Amino acid sequence: ELGEYRHFMLKEIFEQPQSVAATLENRLAGDHVLPSLLGAPDALEKLAQVEEIQIIACGTSYHAGLVGRYWIEANTDIPCHVEVASEYRYRRQPPRKNMLFVTISQSGETADTLAALEKIKENHGCMATLTICNVAESSLTRESDMSLMTMAGPEIGVASTKAFTTQLVALQLLMVLLMQAKGADKARVEQITADLRKLPALIEQALDLNPKIEVLSERFIEKHHSLFLGRGELYPVAMEGALKLKEISYIHAEAYPAGELKHGPLALVDSEMPIVTVAPSTGLLEKLKSNLEEVRSRGGELYVFADREAHIKADDSLHVLEVPHVPELLAPIVYTVPLQLLSYHVAVQKGTDVDKPRNLAKSVTVE
Ligand code: F6R
């Protein structure tokens, strides 16, 4: 089953062009997203009434939700909140009007996420429930009014990779459906739909960085700590990169929004501290570049995954890996790939059990 790959994680990282293509397949018409993908005949009418969104998930799926919030709030007028299920389920929820309750889960069986869904249903706290899920016959799909299936196929590696990127694709599809339901500009919808079709090829190009990342990964083996930086919708991507490194290489990794550095974490920076940064060409690139200068002047070792056109100058302590230019909305998906590869290679060189990291289970069905 592993074929040419040494681990399921690597195989699943390399399957992403296909799993993303499968998640888009039969869901895009010429210039818009097909509402039928939600499996409910009245889906568009329901979405038209939505005034607020609450996203609930755990771990990697939670990070997907955080990216989704940036996208939804940037492209619709619907306020969107995101919270981890284990917190949400145990606190009081003020009543909300016309809220769409969205769960995100690879397995569809995560105990806390299910409990949060059950609680909101019992309290009649929302107008509709939707799950973004990878398993068709799961508890979450059964218990939700609508399902948006990710088509990642079975994910064996405990560290989630292809499930995450397909969740992001699903969130883009949901965002576009919300735009359509709310009567957004047709040209904008058409542009996003066209860009989505480019995604599998862009992920292929990101995968081409693999040999370079493998070389770079050697520099992390002796490290005990690391920082991951991003801004805007790339901040949750940095969080996901840090989670991957922690869970499979056991190196402590912490993500920060780059603008927060000077509010504390800058004190950690010295020549021993590797700092990984994702720098696509977005409206925040110039701000990010000045954050990188702050780190550099303290002697930090920087590893920057940057847009070819970002013009970030490499030197002894600043390593730049060029990522193909991507449409802004797709950057979180494409920039996830090099971070997955980085943690994979660091873990392999450290000799950890990559597919079954210590203390972790693939599906967390108990609290
Ligand atoms: C990390 C990872 C976990 C899961 C989390 C939620 O790589 O896999 O953080 O994302 O346990 O699982 P699902 O998505 O099945 O609800």
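**Pockets, a cavity and a ligand**

Biologist: Which helices each supply at least two residues of the lining of the second largest pocket?

Modeller: The model is predicted: local features need pLDDT of at least 70, side-chain atom pairs count only at pLDDT 80 or more, and totals for chains, interfaces and linings use all residues. Residues are numbered from 1 along each chain as its sequence is written, and side-chain values use heavy atoms, without hydrogens and water. Helices (H or I, at least four residues) and strands (E, at least two) are DSSP runs. At least two residues of this lining come from each of H4 and helix H9 (186-197).

Biologist: How much space lies in the second largest pocket?

Modeller: A pocket is an open set of points on a 1 Å grid, with protein on both sides within 12 Å along at least five of seven lines, and lining residues have an atom within 4 Å of a point. Here the lining includes Tyr70, Trp71, Arg188 and Glu233. By class it has six nonpolar, two polar and four charged residues. The space is about 180 Å³.

Biologist: Which space is taken by the ligand?

Modeller: A molecule sits in a pocket if more than half of its atoms lie within 2 Å of the grid points. By that rule the ligand takes up the largest pocket.

Biologist: Which element gives the most residues to the shell around the ligand?

Modeller: Of the 13 residues around the ligand, Ser61, Ser105, Gln106, Thr110 and Glu247 come nearest, and the shell divides into three nonpolar, eight polar and two charged residues. H4 and H12 are the elements that give two or more residues. The most, three residues, come from H4.

Biologist: How far is an oxygen atom of the ligand from an N or O atom in the side chain of glutamate 247?

Modeller: A polar contact is a pair of N or O atoms within 3.5 Å. An oxygen atom of the ligand lies 2.7 Å from a polar backbone atom of glutamine 106, and for serine 160 the distance from a ligand oxygen to a polar backbone atom is 2.9 Å. For the side chain of glutamate 247 the distance is 2.5 Å.

Biologist: What is the volume of the largest cavity?

Modeller: A cavity is a set of points where a 1.4 Å probe fits but cannot get out, and the count comes to one cavity of 30 Å³ or more. Strand S8 (274-279) and helix H13 (285-296) each supply at least two residues of the lining, and Arg231, Leu234 and Thr282 are among the lining residues. By class the lining has seven nonpolar, one polar and one charged residues. The volume is about 50 Å³.

Definitions and conventions
Grid points are joined across faces, edges and corners, and a volume is the space filled by probe spheres set on the points. Ala, Val, Leu, Ile, Met, Phe, Trp, Tyr, Cys and Pro count as nonpolar, Asp, Glu, Lys and Arg as charged, and the others, Gly among them, as polar. A residue is near a molecule or strand if one of its heavy atoms lies within 4 Å of it. A polar contact is a pair of N or O atoms within 3.5 Å; within protein, one must be able to donate a hydrogen and the other to accept it, and residues adjacent in sequence count only if both atoms are side-chain atoms.
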